[in-house]
Amino acid sequence: MSILRNSVQQYRNNYKITQEELAHAIGVTRQTIIAIEKGNYTPSVLLALKIASYFKTRVDKLFTIHS
């Protein structure tokens, strides 16, 4: 089984923004950001692109698949 891991929390901490601020910037709820950071929610391609765009990075820098 493959596991999707992400670095969203690390990027968010580096940018010194809250979950609420990130959520507002990309148009989702804070609960969505919490779920993504905990690995309980796999974002759509569009949402992953929005997050990557916000942090000025590539999607594959934020999300990786581990088997």
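1. **Before you start.** This is a predicted model, in which local features need pLDDT of at least 70 and side-chain atom pairs count only at pLDDT 80 or more, while totals for chains, interfaces and linings use all residues. Residues are numbered from 1 along each chain as its sequence is written, and side-chain values use heavy atoms, with hydrogens and water left out.

2. Helix α4 covers residues 45–54; helices (H or I, at least four residues) and strands (E, at least two) are DSSP runs, numbered from the N terminus. Within α4, L47, A48, I51 and A52 are buried. Here buried means under 20% relative accessible area, exposed over 50%, and partly exposed in between (1.4 Å probe, protein chains only). Seen down the helix axis, the buried residues of α4 fall within an arc of 135 degrees, so they line one face of the helix; the arc is that of the directions from the helix axis to the C-beta atoms. An α-helix has 3.6 residues a turn, so residues three or four places apart point the same way. On the other side of α4, you will find V45, L46 and S53 exposed.

3. **What α4 packs against.** The buried residues of α4 pack against helices α1 (8–15), α2 (19–26), α3 (30–38) and α5 (59–62), and also against strand β2 (63–66). Contact means heavy atoms within 4.5 Å. Just after α4, K56 takes a positive phi of about 55 degrees.

4. **Aromatic pairs.** A search of the whole structure finds four aromatic pairs. Rings of Phe, Tyr and Trp (its six-membered ring) pair if their centres lie within 6.5 Å; planes under 30 degrees apart count as stacked, over 60 as edge-to-face and the rest as tilted. One of the pairs is Y11 with F55, which is tilted, at 5.5 Å centre to centre and 45 degrees between the planes. Y11 lies in helix α1 and F55 in the loop between α4 and α5, so this pair ties together parts that are 44 residues apart in sequence. Both Y11 and F55 are buried.

5. Y54 is partly exposed, at 26% relative accessible area, whereas F55 is buried, at 2%. Ring pairs link Y11, Y15, Y54 and F55 into a cluster.

6. **A look at I3.** I3 sits in strand β1 (residues 3–6) and is partly exposed, at 42% relative accessibility. Not counting residues up to four places away in sequence, I3 touches T64, I65 and H66.
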